[in-house]
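These notebook entries record what I looked up in the structure displayed here.

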Amino acid sequence: MNAIQTRGLCKDYQVPVKRPGLMGAFRHFLDGRTRTVRAVRDVSFDIGKGELVGFLGPNGAGKTTTLKMLSGLLYPTSGEVTVLGRVPSKRENDFLRRFSMVMGQRTQLWWDLPARETFTLNQKIYSIPEREFARRRDEVIALLELEELVDRPVKKLSLGERMKAELACAILHEPEVLLLDEPTLGLDIVMQEKLRRFILDYQRRTQCTILLTSHNMDDVEELCQRVMVINDGQLLYDGSLEKIVRSYAPDKLVVLGAARKLEAGQLSPYGEIVSLDGTSAKLLVPRQKVSQAVGEILSRLPIVDLAVEEMPVDHIIRKVFLKAASSGSGAAGRGLLEEEDGEERKEKDLHERSVP
Amino acid sequence: MNAPFPDAFSKYRTVFAMSVQRELTYRASFLMDRARSVTILIAFYAFWSAIFQDRADFAGYTRAQMFTYVLGMNVLNALVFSDKTWEMIYEINTGKISSYLIRPISYIGACVSRDAADKLTQMLSAVIEVALAWWLLRVPLYAPRDPWTYAAFAAAALLAVVLYFLMSYAVSSLAFWTAESGGPRFCFELFLAFASGGFFPLDVLPGLIRRTFESLPFASLLFFPLNVFLERLGPGDLARGFAVQVFWIVCSGFLVRALWRRGLRAYGSEGG
């Protein structure tokens with residue numbers, strides 16, 4: 001059974017039409033004109049129980065709007081959405097008890113009081129038995145290293161510290177579906193890593209279904225096997241991260257360190273030179289030619305260090321968006337689907353999805 | 001299975017306790033707010049002292065009744081008009097209300113708990129202020145003769161609290177449709193302070209205006225409960241006053257329900 005299911009989901013907003021400047025403000029005051037902006041267009045997907053899915057897209061792509069419809073905060077303009085078999089906008093208690101959401105810039109923690117107080121409030125809200133609550137609270141405090149922080153007023157915490165406390169607060173009732181909007185926002189690299197490990201461990205332990213948005217590609221690479229890419233309100237891709245990497249990164253990055261200065265002429269037969277700086281160089285080599293090229297480079301050039309790397313995921317995702325922008329989102333979306341191989345289609349059938 | 005009765009309310013008790021804690025966090029704001037009330041109290045005392053310098057009664061009020069009205073108004077103001085529905089406007093405009101909407105807690109229930117915390121702290125302070133005024137200024141006070149008057153006053157004050165909460169909640173709900181609901185809310189409060197009898201007893205107004213205010217919900221908030229306490233109403237006026245309160249509570253209740261349902265559909269969940 002699917003934990004999350006959407007069919008033809010659309011959301012329109014009315015936004016004020018206002019010309020710039022003071023006169024524009026006066027005119028708008030008098031005519032109050034608005035225009036309709038379609039934030040989400042015909043989005044359909046399924047997420048099975050226990051999946052951890054990354055939801056990617058540039059700012060304003062429709063990620064957070066979709067998440068808000070999944071949480072019941074926004075009513076869809078058209079289309080259907082069910083989470084745990086319920087229509088979120090009905091806000092039935094049975095649904096609210098089994099789900100949680102962490103929004104990057106929206107806190108459920110009480111600003112003037114220590115986070116521990118909101119933890120207690122959530123215990124009451126979700127009717128968590130006292131002993132069970134104490135166990136979960138202490139565990140999450142230890143795992144997220146919140147010992148020093150939970151008794152400080154929330155307003156005294158840094159953004160990263162607040163985000164950790166926010167996540168702790170959101171999972172105390174062990175939700176079956178967790179929506180995370182930018183969970184590592186504002187965290188330092190060490191804490192980002194810890195938080196990712198925490199999310200992964202938590203998901204494995206509880207089999208919770210997680211849908212997360214992030215601009216941090218490390219989050220996506222480390223946490224998600226499946227990604228959905230959205231741009232301009234349309235779903236462009238829904239499938240494995242590995243496939244999108246293969247489709248959009250036909251080359252691998254070969255990083256070289258040499259004992260003597262390298263010349264462009266020595267490298268160009270093997271691939272496209274990305275950078276060349278004396279004894280170090282980076283080459284883009286087609287995937288299928290990597291082993292042959294590496295063999296030849298090692299035998300012909302004075303190489304002392306060599307590494308073969310995947311293209312960074314953020315570059316790949318950027319390529320998806322650029323393609324979408326250059327050919328129009330809808331066309332790009334269809335193009336992307338056409339590029340998928342048979343295995344991808346099978347995977348999609350498994351997810352019972354239907355992107356038009 | 002639904003939680004047993006006491007458990008179902010524990011979340012609201014916790015919101016209440018946390019709200020009291022929060023009120024006590026902002027001591028300076030609290031004290032400034034009370035200083036404003038004390039200033040108004042002193043101004044009214046000076047004004048009515050001047051009026052009663054050369055007369056025994058005014059607009060049907062004895063000296064003791066008028067000073068009881070003024071001091072009672074200070075306490076009843078704290079009880080009825082202390083509220084946190086201003087926060088609702090902020091929470092809707094900034095999207096902060098989302099954190100309530102995604103959890104199994106009633107937002108209106110949480111608002112009642114927050115209001116109760118505000119009323120408790122404001123009331124404690126108001127009672128102390130009135131006691132001090134009575135002791136320092138030797139203000140003559142009116143004590144009801146009939147013990148049932150206390151019960152009737154308590155009922156009228158409770159209905160006034162419920163009515164004001166529903167009215168202010170309805171006005172604050174406008175924030176679902178406009179980011180400029182702070183303005184209407186401010187005018188609403190200013191008008192209420194006047195029309196409820198918060199500046200002076202409504203008896204001093206021309207008959208038509210007074211009767212209009214008495215039929216509308218405004219007089220039910222301060223003027224009616226205070227007149228119950230001062231035993232200035234006959235059985236007919238008493239019954240009519242309670243009927244007006246209940247009528248407007250029912251109307252406001254339906255209005256709040258309708259606005260809330262429609263408001264959630266219009267809610268944009270701004271930010272984040």
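**Entry 1: chain B**

What percentage of the 272 residues of chain B count as buried? I found 49%, where buried means under 20% relative accessible area, exposed means over 50% and partly exposed lies in between (1.4 Å probe, protein chains only).

Before going further, I noted that this is a predicted model, in which local features need pLDDT of at least 70, side-chain atom pairs count only at pLDDT 80 or more, and totals for chains, interfaces and linings use all residues. Residues are numbered from 1 along each chain as its sequence is written, chains are lettered from A and ligands numbered from 1 in the order in which they are written, and side-chain values use heavy atoms, with hydrogens and water left out.

I then listed the secondary structure of chain B, which holds 12 helices and 2 strands; helices (H or I, at least four residues) and strands (E, at least two) are DSSP runs numbered from the N terminus. Read from the N terminus, the order of elements in chain B is α-α-α-β-β-α-α-α-α-α-α-α-α-α. Chain B is as compact as a globular protein of its length, because its radius of gyration is 20 Å, close to the 19 Å that the globule rule gives for 272 residues. That radius is taken over C-alpha atoms, and the rule is 2.2 Å times the number of residues to the power 0.38. Along the principal axes, the C-alpha atoms of chain B fill a box of roughly 65 × 40 × 40 Å.

For contacts (heavy atoms within 4.5 Å), I took the pairs in chain B at least 6 apart in sequence and found that 79% join residues at least 24 apart. Chain B exposes about 13,000 Å², with 70% supplied by carbon and sulfur atoms; areas come from the Shrake-Rupley method with a 1.4 Å probe, and for residues only the protein chains shown count as cover.

**Entry 2: chain A**

I counted 14 helices and 13 strands in chain A. Of its 356 residues, 52% are buried. The accessible surface of chain A is about 16,400 Å², and carbon and sulfur atoms account for 50% of it.

**Entry 3: helix 5 of chain A**

Which residues of helix 5 of chain A are buried? I recorded A:F133, A:R136, A:R137, A:V140 and A:I141. They lie on the same side of helix 5 of chain A because they cover an arc of only 130° around the axis, the arc being that of the directions from the helix axis to the C-beta atoms. These buried residues pack against helix 4 (115-125), helix 6 (159-171) and helix 7 (189-206) of chain A. Just after helix 5, A:E145 takes a positive phi of about 55°.
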